[in-house]
Amino acid sequence: MNQIASQNAPSPKVVVPHFVFGSLTWLAVSLLIFFNPAAFTQHFFNPLLLSITHLLALGWMTMVIFGALYQLIPVIMEVRLYSERFAIFSFILLGLGAILIAYSFWHFSFHIMLFVGGSFVVVAVIFFVANVLITSYSSKKKNIERIFIITAAIWLLFTVLAGLTLAINYAFPFIGISHIELLKLHSHAGIAGWFIQLIIGVSSKLLPMFMVSHNLNTKKLTYAYFLINIGLILGVVSLFILWKYGVIISVIMVVLGIFSYLLFIFEAFKKRVKKQLDIGMKQSALSFMVLVIPLFLILSLLFDLDMLKNLTLPLSVAYGSTIFIGFISSLIMGQTYKTLPFIMWLKVYRGRIGKVKLPLPKDLYNEKVAVAQLWLFAIGFLLLLTGISSSTNYLVSSGGMVLLLSVALYNYNVLKIIFHKSKNK
Amino acid sequence: MNTSNEKLMALLKEVIDPELMVNIVDLGLVYGVTINEDTHKIDVNLTLTSRGCPMGDMITEDAKQVINANYPDYEAEIHLVWDPAWSIEKLTERGKEELGYF
């Protein structure tokens, strides 16, 4: 018999801690948003927003993505993960690093703790990248999804190295470029190079699998790959040499690349065999709709439209928040329901499949709670975005409150799935 | 298809794809069944809607157990096949109906 994916699955002990750490961090971040709305209504280079952003990007988003990838790489590349030990080292260092960095930024302290935290994250990422590269080397599947994942991992390494360099440069200046320009370089390498590219690689395999969509045109993904990566390299170089037109061309290329990917996802959606979307896929669909907002925002910010002059700063924060919260966080929350229940279900019931009547993976979470989570998320995010765009603290705080409720429900379901006990002894 | 094969296919309808919630026969995942009365072996050729399907284990195990429970004197073997690849055309009318395909 040919190997099937679950035979390559890693131990849940490797995957599950990432989900627990990640979802608790997301809960802590929503508390921080609720109590500190001013972080979102001033210039984006402020201690609280830097702290919140790094907690989100490292402690929640990257953390859960790492955990999920250890499970999904065997599905996508049809091969076992190279090293579970590497994955555990990486988890510990990433968790510690995220906390140290967030604490340092909160106190705007560019001292030893920040550099130690940054170094932890760099080493965590080196372990992760090595694991991905060695695993993919042993895979015979040379598909576009694999190339996206490898390239995303390399951009992640670039991003964290650039971040650490930026922190050192802030304390001991040696690069003659403004911190804001360098911050744009660091953040976009992370957003487009790591997060979006990784999402493209994983989702272009999994979403058609979940919706059962066949005969898709993968050329759209190839265009996306070249547009995003050539655009990003051009952007990084242009930001560094302060070449404005280079930056404009690079943004247009990356945006076109993302649109090309969105067209692929839309084609998969139209050709789906499974007509009814479940709750995890509904929240994912919401995330893709939200992604269109920052694509327009960045173009309007880039062309410096006169009518938006006074709104440049709030719209910059709105742009970042839409990507981090409206798109990536929401997509992770939705896709958790498509991955975590399967991981725990296989752990609890493997060996008894077919012999007794078993619950289904979707029975491991409370669907009503997941529906409430989705609605609260949509309302909370809308309030947050309105508050940021109009620089209104109480709206940001209200958005934070509703998001907090949504994330609390998400945490409830994550813990319910993880602590599921066998129904049939 | 002879009556024993029909009986086997009816049995395999008890096996449900947990993602789509439709049985594997109406999904068109069962490519063929053969019963060998001399060797007391039952072979099932089965595919999945996509390679790397995370629930592949569950489907193949379920199919094996359903046959074992109903044919205790026979040995069931499930062969996972990828050629030809599964496509929408393999759905039965009932399968299409259950997926809301019309």
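This is a predicted model: local features need pLDDT of at least 70, side-chain atom pairs count only at pLDDT 80 or more; totals for chains, interfaces and linings use all residues.
**Helix α9 of chain A**

- Helix α9(A) covers residues 279-302, which makes 24 residues.
- At 1.5 Å a residue, α9(A) should span 34 Å. Its end C-alpha atoms are 36 Å apart, which agrees.
- The buried residues of α9(A) include Ile279(A), Gly280(A), Met281(A) and Gln283(A). Further along, Leu291(A), Pro294(A) and Ile298(A) are also among them.
- These buried residues pack against four helices of chain A: α6 (179-211), α8 (244-270), α10 (312-349) and α11 (367-389).
- An α-helix has 3.6 residues a turn, so residues three or four places apart point the same way.

**The nonpolar core**

- The largest nonpolar core has 165 residues.
- Met61(A), Leu94(A), Val254(A) and Ile24(B) have the most contacts inside this core.
- Helix α2 of chain A, residues 47-77, gives the largest share of the core, 20 residues.
- Val254(A) touches Ala192(A), Leu227(A), Ile228(A), Gly231(A) and Leu232(A), if residues up to four places away in sequence are not counted.

- Met333(A) sits in helix α10 of chain A.
- Met333(A) counts as buried because it has 27 C-beta neighbours inside 10 Å, and 20 or more are needed.
- Beyond its neighbours within four places in sequence, Met333(A) is in contact with Gln283(A), Phe377(A) and Tyr410(A). Gln283(A) is one of the buried residues of α9(A).
- Met333(A) and Leu374(A) are 41 residues apart along the chain, and their C-alpha atoms are separated by 8.9 Å.
- Leu161(A) belongs to helix α5 of chain A, residues 144-171.
- Leu161(A) is partly exposed, with 17 other C-beta atoms within 10 Å.
- Leu161(A) and Met289(A) are 128 residues apart along the chain. Their C-alpha atoms are separated by 32 Å.

**Where chains A and B touch**

- The contact takes 22 residues from chain A and 26 residues from chain B.
- On the side of chain B that touches chain A, α2 (56-70) and β5 (75-80) of chain B each supply at least two residues.
- Helix α2(B) gives the largest share of that side, eight residues.
- The residues on that side of chain B divide into 13 nonpolar, eight polar and five charged.

**The sheet of chain B**

- Three strands of chain B form an open sheet in the order β3-β4-β5, with mixed pairing.
- β3 (30-36) and β5 of chain B stand at the edges. Each has a single partner strand, so one side of each is left without a neighbour in the sheet.
- From one strand to the next, the twist averages 15 degrees.
- Strand β4(B), residues 41-46, runs parallel to β5(B), and six bridges join them.
- Lys41(B) has Glu75(B) in β5(B) as its bridge partner.
- Helix α2(B) packs on the sheet and touches β4 and β5 of chain B. The direction of α2(B) makes about 155 degrees with that of β5(B).
- β3(B) and β4(B) pair in the antiparallel sense, over six bridges.
- Ile35(B) stands opposite Ile42(B) in β4(B).
- In a regular strand the side chains alternate between the two faces of the sheet.

**Backbone features in the loops of chain B**

- The hairpin of β3(B) and β4(B) has four residues between the strands.
- His40(B) lies in the loop between β3 and β4 of chain B. His40(B) has a positive phi of about 55 degrees although it is not a glycine.
- His40(B) counts as exposed because it has 11 C-beta neighbours inside 10 Å, where the limit is 12 or fewer.
- Met21(B) is in the loop between β1 (16-17) and β2 (22-23) of chain B. Its phi is near 60 degrees, a positive value in a residue other than glycine.
- Met21(B) is partly exposed, with 14 other C-beta atoms within 10 Å.
- The peptide bond from Asp83(B) to Pro84(B) is cis, with omega near 5 degrees.
- Pro84(B) lies in the loop between β5 and α3 (93-98) of chain B.

How values were computed:
Residues are numbered from 1 along each chain as its sequence is written. Chains are lettered from A and ligands numbered from 1 in the order in which they are written. The expected span of a helix is 1.5 Å times one less than its number of residues. Two residues are in contact if their C-beta atoms, placed from the backbone, lie within 7 Å. A nonpolar core is a set of buried Ala, Val, Leu, Ile, Met, Phe, Trp, Tyr and Cys residues joined through C-beta atoms within 7 Å. Ala, Val, Leu, Ile, Met, Phe, Trp, Tyr, Cys and Pro count as nonpolar, Asp, Glu, Lys and Arg as charged, and the others, Gly among them, as polar. Two strands pair if DSSP finds at least two bridges between them. Axes are lines fitted to C-alpha atoms, for helices over the stretch in contact, and angles run from 0 to 180 degrees between N-to-C directions.
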